[in-house]
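Subject: Structure for your review

Dear colleague,

Please find below the structure that I am handing over to you. My notes on it follow directly after.

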Amino acid sequence: MIVIDGAAVVTLDRERRELTTGHVVVDGNRIVAVGPGPAPAYEGARVIDGGGCLVTPGFVNTHQHLYQWVTRGLATDATLFGWLTTLYPVWARIDEESVHVAAQGALAQLARTGCTTASDHHYVFPGGDLLEAEILAAREVGLRFHPARGSMDLSEKDGGLPPDSVVQDRDEILLATEAAIDRWHDPSPESMLQIVVAPCSPFSVTGELMWEAAELARRKGVRLHTHLAETTDEADWCDDKFGCTPSEYAAQLGWTGPDVWFAHGIHFDDAEIKRLGQTTTGVAHCPSSNARLGAGIARVADLRAAGCPVGLGVDGAASNEAGSLLEELRHALLFARARGGPQALGVRDVLEMATLDGARILGREHEIGSLEVGKLADLAVWRLDTLPHAGIPDPIAALILGTPPPLELLLVNGRPVVEHDTVITIDEPTLARQVTHTQHRLLATT
Ligand SMILES: [Zn+2]
């Protein structure tokens with residue numbers, strides 16, 4: 001049993017209670033008490049002094065490419081399509097070992113920045129069991145994990161963007177995806193692992209694959225994810241090839257509904273936003289990556305007002321070297337206001353996007369995303385009493401508008417993963433050396 005006592009608590013429960021001084025009690029993998037004032041005494045419990053700290057629900061990362069952790073810092077001044085064509089040949093050489101090291105690095109950084117549930121989108125399969133490699137990494141780091149089995153079957157020779165070396169045959173993709181669901185997907189309420197079906201993007205997969213992937217996901221009761229409307233290049237490509245926008249193309253292929261979420265969703269017009277809202281199709285907003293690639297700023301306030309669940313994502317570390325989920329909250333807020341004025345998005349809105357809305361996108365809102373009795377014990381304890389934050393009266397504003405604070409404790413399913421700003425489930429210095437070594441190995445044969 002773990003008792004966090006004397007902390008400010010933002011619950012995100014139905015009443016959106018915020019406790020100036022309160023407690024959270026965890027027994028096993030569940031939250032058993034949340035309330036104001038001091039915690040009752042629990043025999044044999046580990047008591048954590050939460051003075052000067054803020055407890056939040058753990059964050060949910062809704063879009064990422066873990067393997068890119070070992071291909072950071074390349075094509076730093078390119079557009080999306082230029083960046084992709086530089087990186088595809090490097091990615092064609094990834095193997096189980098490099099994916100395992102990359103996933104550990106990226107997941108450890110997510111943990112350090114408040115993430116308790118991570119979704120990944122892996123779509124390059126040159127050989128080896130790369131899905132297994134990242135699933136093992138997630139178990140070792142200790143995060144709740146929703147890996148999306150991605151795919152590409154439309155190469156340059158057929159009018160797509162990726163080279164032949166990184167695409168697969170459609171039947172092979174569908175068989176491997178179904179096998180991954182059968183082997184790994186755990187639909188139970190306490191699940192630490194759920195599989196998602198995720199063809200990569202309109203310009204790297206065929207319409208047939210998009211259609212059949214949707215059919216497979218619905219037959220198996222799992223979720224659907226892809227990149228959509230990220231750049232004007234993609235919109236032009238869809239217009240040339242299909243005479244419609246990316247979201248119209250996706251809708252024609254069955255890709256709308258509460259079981260679907262799109263990464264980025266930047267270039268939607270009013271009618272598209274209305275349709276996405278009516279179908280409660282989700283969007284993973286990735287502000288840092290979008291800015292790094294100069295792709296644009298998603299219409300987050302409009303999407304939310306229309307009824308779309310909008311979660312946050314760090315995206316792959318090759319287009320967001322920081323890989324920090326907390327930073328996405330700050331960037332989401334700043335960019336939304338830069339685009340839409342001071343009322344566009346508030347600190348509590350972005351906190352809700354990172355927690356409850358992310359949980360909703362993954363279909364887990366009844367289990368995670370808020371601090372309530374009976375929910376799974378996924379939470380973060382942030383230290384806000386040191387020089388960078390001391391004196392900011394609203395702890396939520398301090399967390400989101402201030403510099404990233406130390407993470408005193410991160411619990412995932414009741415288990416400590418971060419303590420005193422260090423990931424305790426892996427050895428950080430050793431992993432850092434492995435990441436450097438792996439990047440050198442991948443680039444050496446370029
Ligand atoms: Zn992405």
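Is D421 buried, partly exposed or exposed? D421 counts as partly exposed, because its relative accessibility is 27%, and buried would require a value under 20%. Please bear in mind throughout that this is a predicted model.

Backbone at two positions

D421 belongs to the loop that joins β16 (415-419) and β17 (422-423). Its phi is near 70 degrees, which is a positive value in a residue other than glycine. As background, most residues other than glycine have a negative phi. A229 is another such case, with a positive phi of about 55 degrees although it is not a glycine. This residue sits in the loop between β10 and α6 (232-242). A229 has a relative accessible area of 1% and is therefore buried.

Zinc site

Four residues coordinate the zinc ion: H63, H65 and H227, each through NE2, and D315 through OD. The distances run from 2.1 to 2.4 Å. Along the chain, these donors follow the spacing H-x1-H-x161-H-x87-D. Two of them, H63 and H227, link distant parts of the chain, being 164 residues apart. H63 is in the loop between β6 (59-61) and α1 (80-91), whereas H227 is in strand β10 (residues 223-228). The angles among the 4 donor atoms range from 88 to 177 degrees, and the site is irregular. It cannot count as tetrahedral, because that class needs all angles between 85 and 135 degrees.

S119 lies in strand β7 (residues 115-122) and is buried, with a relative accessible area of 1%. N61 is 58 residues away from S119 in sequence, yet the two C-alpha atoms are 5.8 Å apart in space.

R149 is placed in strand β8 (residues 144-151). R149 is buried as well, with a relative accessible area of 5%. Not counting residues up to four places away in sequence, R149 touches a set of residues including H122, F125, L131, Q168 and I173; V196, V197 and A198 are also among them. R17, by comparison, is 132 residues from R149 in sequence and 37 Å from it in space, C-alpha to C-alpha.

Domains

The protein chain is divided into domain 1 (2-57 + 369-423) and domain 2 (59-361). Their C-alpha centres lie 29 Å apart. How many residues of domain 1 are in contact with domain 2? There are 34 such residues, and they meet 30 residues of domain 2. About 2,600 Å² is buried between the two domains, and carbon and sulfur atoms give 62% of this area.

According to UniProt, in an unreviewed entry, the feature "domain: Amidohydrolase-related" covers residues 54-387. This span is 42% helix and 15% strand, and its end C-alpha atoms lie 15 Å apart.

Yours sincerely

Terms used:
Residues numbered from 1 in each chain as written. Predicted model: local features only at pLDDT ≥ 70, side-chain atom pairs only at ≥ 80, totals over all residues. Heavy atoms only, no water. Donors = N, O, S within 2.8 Å, 3.2 Å for Na, K, Ca; no water. Tetrahedral: all angles 85-135°; square planar, octahedral: opposite > 155°, others 65-115°. Helix = DSSP H or I, 4+ residues; strand = E, 2+ residues; numbered from the N terminus. UniProt positions renumbered as here; feature names shortened; annotations may be inferred. Domains from an automatic or database assignment. Contact = heavy atoms within 4.5 Å. Buried area = accessible area lost by both parts, 1.4 Å probe. Buried < 20%, exposed > 50% of the residue type's maximum accessible area, 1.4 Å probe, protein only.
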